[in-house]
Amino acid sequence: MAAIKGTFGGLDIVWRSNGPELQKLRKLVVREIMSNNGLDACYEFRRREIRQMVKNIHGKIGSPINLSEQIFLTMLSVTMSMLWGGSLNGEVAKLGLEIKDRLEEFMKLMGEPNLSDIFPMLRPFNLQGIESKAKKHVSWFYGFLESVIKQRMKLGEGPKMADSKDFLQQLLELNQRGDAKTSLSMMEIKAVLLDMVIGGTDTTFATIEWAMTELLRHPNKLRKVIEELDAIIGDQNVVEESNISRLPYLTAVVKETLRIHPPAPLLVPHMPNETTVIAGYTIPKNSWIFFNVWAIQRDAEFWEDPLRFEPERFLKDTEKRNYTGNSFHFFPFGSRRRICVGIPLVEKITMQILATLLHCFDWELPDGRQPNVKEKLQFVLTKAEPLVVVPVARLSNSIQYQ
Ligand code: HEM
């Protein structure tokens with residue numbers, strides 16, 4: 001962990017220590033970028049990538065497809081598109097694949113046990129090479145983001161899509177306001193963008209992959225989702241972000257997925273800057289603390305029949321069962337000062353991608369075999385084996401697939 005933290009140079013949000021600079025960055029992201037206005041401003045970018053996903057899948061109707069890979073690429077395209085108007089289509093596809101490979105490598109490194117975390121005096125020797133490998137990837141990402149930013153500053157504005165503005169454009173405009181509260185250095189802009197690529201892509205992908213897996217394992221729950229989509233969206237429309245607040249059952253499916261399969265099962269490690277005693281245990285200053293939210297959210301003391309996939313439990317008591325991190329039985333995004341800043345985006349994007357996949361297609365299982373729930377932990381908890389399924393068109397109007 002120390003190795004990974006070091007590679008960011010202390011400028012990003014995830015690995016920055018508590019203090020006024022961290023609070024400034026968090027406030028800026030939450031108030032400006034993740035606000036309704038901020039997210040609405042880049043809706044067209046998200047929408048474009050989701051429509052492209054539908055088109056890609058429609059081209060493979062009737063054949064088995066690796067849905068996990070399709071979801072990952074869609075999430076990466078959505079992230080790149082929202083951040084700097086990038087895309088994985090056309091000539092930049094090669095670059096997208098390079099980002100995907102580097103992201104996967106980086107996640108692996110973050111999940112690898114590092115001797116230096118247990119014996120900090122070994123850190124200078126970099127015995128497993130984790131720090132140097134991680135640094136190589138981070139420098140590549142920083143170099144790439146720098147060229148994107150320079151290009152944008154030269155052109156003066158981002159790609160035009162209706163009235164949309166990508167995150168980079170929003171950050172640069174905040175900088176032009178020129179007040180200390182919203183100005184960021186170029187290094188900080190790069191670090192925040194990188195946090196979003198690394199912190200946002202895999203976690204959101206994993207949520208959608210697990211939700212699809214659980215629904216395919218539970219046809220009675222899937223039927224309820226389809227009934228809800230047919231009633232709210234209907235046969236002649238496509239899913240828009242404005243519809244998703246009217247899909248309470250699908251919302252409960254996402255929450256139940258995040259309960260059983262939290263993408264960040266140990267949250268992000270915390271480090272107290274003072275020695276503290278909690279419940280009689282002494283937590284020494286500067287120790288790495290992991291919260292096992294995976295185990296807590298499966299604890300039979302708090303959850304009835306905890307391993308059963310039961311979205312209905314989130315239909316009751318919705319006030320308490322939310323993402324605010326105030327319940328210590330359900331906090332997949334963490335809690336309090338360091339709670340995830342991406343929640344508003346996650347709520348929109350997971351719902352819209354899931355609703356679109358289930359509204360546009362029926363999904364058949366090759367050889368009728370149920371997908372398994374074997375897990376793979378590389379910092380983010382994903383499925384060990386990809387989800388392979390056969391898409392079948394379910395809408396009568398071919399325009400909905402274009
Ligand atoms: C389902 C998707 C996601 C999950 C489950 C998730 C989960 C988390 C968790 C558990 C933390 C650490 C909280 C703690 O330790 O107390 C965190 C932090 C963070 N997340 Fe997310 N996240 C998701 C998506 C996103 C997205 C889409 C973004 C941005 C585009 C994002 C940006 C961040 C950032 C910047 C932090 C660091 C906050 C800080 O340290 O102050 N996350 N996230």
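Residues are numbered from 1 along each chain as its sequence is written, and side-chain values use heavy atoms, with hydrogens and water left out. Because the model is predicted, local features need pLDDT of at least 70 and side-chain atom pairs count only at pLDDT 80 or more, while totals for chains, interfaces and linings use all residues.

Contacts (heavy atoms within 4.5 Å) of W363, leaving aside neighbours within four places in sequence, include I57, I65, M212, L216 and V389. L67, L357 and L358 are also among the contacts of W363.

Turning to charged side chains, 21 salt bridges are found in the whole structure, each being a side-chain nitrogen of Lys or Arg within 4 Å of a carboxyl oxygen of Asp or Glu. One of them joins E49 to R48, with the closest N and O atoms 2.9 Å apart. Here E49 counts as buried, at 4% relative accessibility, whereas R48 is partly exposed at 31%; buried means under 20% relative accessible area, exposed over 50%, and partly exposed in between (1.4 Å probe, protein chains only).

R394 and D230 also meet in a salt bridge, at 2.9 Å from N to O. This pair links distant parts of the chain, since R394 lies in the segment after β7 (388-393) and D230 in helix α11 (residues 219-232), 164 residues apart. R394 is partly exposed at 22% relative accessibility, and D230 is partly exposed at 36%.

E310 and R308 form another salt bridge, 3.3 Å from N to O. Within the pair, E310 is buried at 18% relative accessibility, while R308 is partly exposed at 39%.

Finally, there is the surface. L266, F290 and L377 form a nonpolar patch there, with about 260 Å² of accessible area together. L377 sits in strand β5 (residues 375-378) and is partly exposed at 48% relative accessibility. Patches are made of residues with over 30% relative accessible area and no salt bridge, like charges being joined within 9 Å and nonpolar side chains (Val, Leu, Ile, Met, Phe, Trp, Tyr) within 5 Å. Accessible areas come from the Shrake-Rupley method with a 1.4 Å probe; for residues, only the protein chains shown count as cover.

How values were computed: Helix = DSSP H or I, 4+ residues; strand = E, 2+ residues; numbered from the N terminus.
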